[in-house]
Amino acid sequence: EGMERNTGTMLKVPKQHDGLADRILTEADVQKMLALSTGRDHLVVRLLYNSGCRIAELCKLRWIDITDEGTGTAYVTVTGKREKTRTVRISAETARLLRALRLDTLTVSEYVFVSRNKKALSPVQAWRIVKAAAKRAKIEKPVSPHFLRHSHASHAIEKGMKVTTVRDTLGHSSIAVTDRY
């Protein structure tokens with residue numbers, strides 16, 4: 001005969017460790033990564049952190065997606081998941097470095113970040129750039145481009161930015177996702 005009761009429902013399942021805190025770099029770590037990176041690599045790390053964009057979004061970024069604001073800062077229009085676009089404001093220093101990169105790259109490519117063969121930088125190449133920057137900064141834990149996105153969100157909220165603004169910057173569809181920070 002079958003059991004009258006499902007004994008599995010009485011078990012307490014341990015809550016899964018979120019791990020988000022493990023993926024947030026300190027501001028000092030990010031600054032070290034930036035200080036020890038130069039040229040395009042510096043700008044890849046800086047833009048991932050400054051804009052909070054995803055790696056695929058950074059790799060697809062074209063010069064036409066960057067608009068100078070007039071006060072030194074600029075806006076970057078990012079095409080994210082499900083082809084949704086959002087506009088992110090970047091700092092005057094990041095905008096200045098982008099303009100300098102554009103002058104240095106007299107290439108026919110419309111992509112902001114290009115590989116040696118003048119094609120769009122691949123996510124794998126961008127990963128390598130971030131990993132190398134973390135290694136130079138002597139960050140002990142594994143670091144990924146997405147860590148810079150998490151760090152951007154966490155640091156912005158710590159500095160008093162509204163969660164709704166961070167949600168919009170990151171392109172989250174729900175405030176619940178952003179609330180984890």
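View 1. Strands are DSSP runs (E, at least two residues), and helices are runs of H or I with at least four residues; both are numbered from the N terminus. This is a predicted model: local features need pLDDT of at least 70, side-chain atom pairs count only at pLDDT 80 or more, and totals for chains, interfaces and linings use all residues. Residues are numbered from 1 along each chain as its sequence is written, and side-chain values use heavy atoms, with hydrogens and water left out.

**View 2. Strand 1 against strand 2.** Strand 1 (residues 66-68) pairs with strand 2 in the antiparallel sense, over three bridges. Pairing requires at least two DSSP bridges between two strands. D68 stands opposite A74 of strand 2. Five residues separate the two strands in a hairpin. In that turn, G70 has a positive phi of about 110°.

**View 3. Strand 2 against strand 3.** Strand 3 (residues 85-90) runs antiparallel to strand 2, joined by six bridges. V88 in strand 3 is the bridge partner of V76.

**View 4. The strands within the chain.** The protein chain holds eight helices and three strands. Along the sequence the pattern reads α-α-α-β-β-β-α-α-α-α-α. Of its 181 residues, 41% count as buried (under 20% relative accessible area, 1.4 Å probe, protein chains only).

Notes. Buried < 20%, exposed > 50% of the residue type's maximum accessible area, 1.4 Å probe, protein only.
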